[in-house]
Amino acid sequence: MGLKALRYSTVFVTIASVDNEMLVQFYTQFFKQKPIVYIPNSYAEFQLSSLRLGIFKPKDNHQSEFNGQTSGGMSLCIEVERLEEAIAHLTTLGYLPSGDIITASHGREIYAYDPAGNRLILHES
């Protein structure tokens, strides 16, 4: 008995935050673009070149799942052309990456965090 392929149209990443407006502003400034979908204090969606990123405010009865959230297993890895320029841009926004640039098997990278504590990996091949 073979497995049937899952039928899907799109896969995208969402980030939950009780204060989602803070994240909407951060990612608007970071990506230098406005969301393609925006419902104030509820949901925003960015269409990036190879990813759709959604930011949502959990419903009241689910907020306890996200309160005090710190970086978990999810990281948003952003491949950039020039790592030093990306670091400077993030620093200008007030979010200095932590640690030093490291060399991994796939290139150079540095870690940072968005205002809600989600880990960002700025990566240069």
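This is a conversation about a predicted model of a protein chain and what can be computed from its atoms.

Trainee: What should I know before I look at any values?
Mentor: The model is predicted, so local features need pLDDT of at least 70 and side-chain atom pairs count only at pLDDT 80 or more, while totals for chains, interfaces and linings use all residues. Residues are numbered from 1 along each chain as its sequence is written, and side-chain values use heavy atoms, with hydrogens and water left out.

Trainee: OK, how many helices and strands does the protein chain have?
Mentor: There are two helices and eight strands, taken as DSSP runs numbered from the N terminus, with at least four residues of H or I for a helix and at least two of E for a strand. From the N terminus on, the elements run β-α-β-β-β-β-α-β-β-β.

Trainee: And what share of the residues is buried?
Mentor: Of the 125 residues, 34% count as buried, where buried means under 20% relative accessible area, exposed means over 50% and partly exposed lies in between, with a 1.4 Å probe and protein chains only.

Trainee: Which strands make up the open sheet?
Mentor: Four strands form it in the order E5-E8-E7-E6, with mixed pairing; two strands pair if DSSP finds at least two bridges between them. The edge strands are E5 and E6 (98-104), each of which pairs on one side only. On average, and with direction ignored, neighbouring strands of this sheet are turned by 25° against each other.

Trainee: What packs on that sheet?
Mentor: Helix H2 (residues 83-92) does, touching E6, E7 (107-113) and E8, where contact means heavy atoms within 4.5 Å. The direction of H2 makes about 150° with that of E8, the axes being lines fitted to C-alpha atoms, for helices over the stretch in contact, and the angles running from 0 to 180 degrees between N-to-C directions.

Trainee: Which residues of E5 are on the covered face, and which on the uncovered one?
Mentor: In E5 (residues 75-79), Leu-76 and Ile-78 make up the covered face, whereas Ser-75, Cys-77 and Glu-79 make up the uncovered one.

Trainee: New topic: how many salt bridges does a search of the whole structure find?
Mentor: The search finds five, a salt bridge being a side-chain nitrogen of Lys or Arg within 4 Å of a carboxyl oxygen of Asp or Glu. Among them is Glu-84 with Arg-108, whose closest N and O atoms are 2.9 Å apart. Glu-84 lies in helix H2 and Arg-108 in strand E7, so this pair ties together parts that are 24 residues apart in sequence.

Trainee: Are those two partners buried or partly exposed?
Mentor: Glu-84 is partly exposed at 45% relative accessible area, and Arg-108 is also partly exposed, at 25%.

Trainee: What about Arg-52, which residue does it form a salt bridge with?
Mentor: Arg-52 forms one with Glu-45, the closest N and O atoms being 2.9 Å apart. Glu-45 is buried at 8% relative accessible area, whereas Arg-52 counts as partly exposed at 22%.
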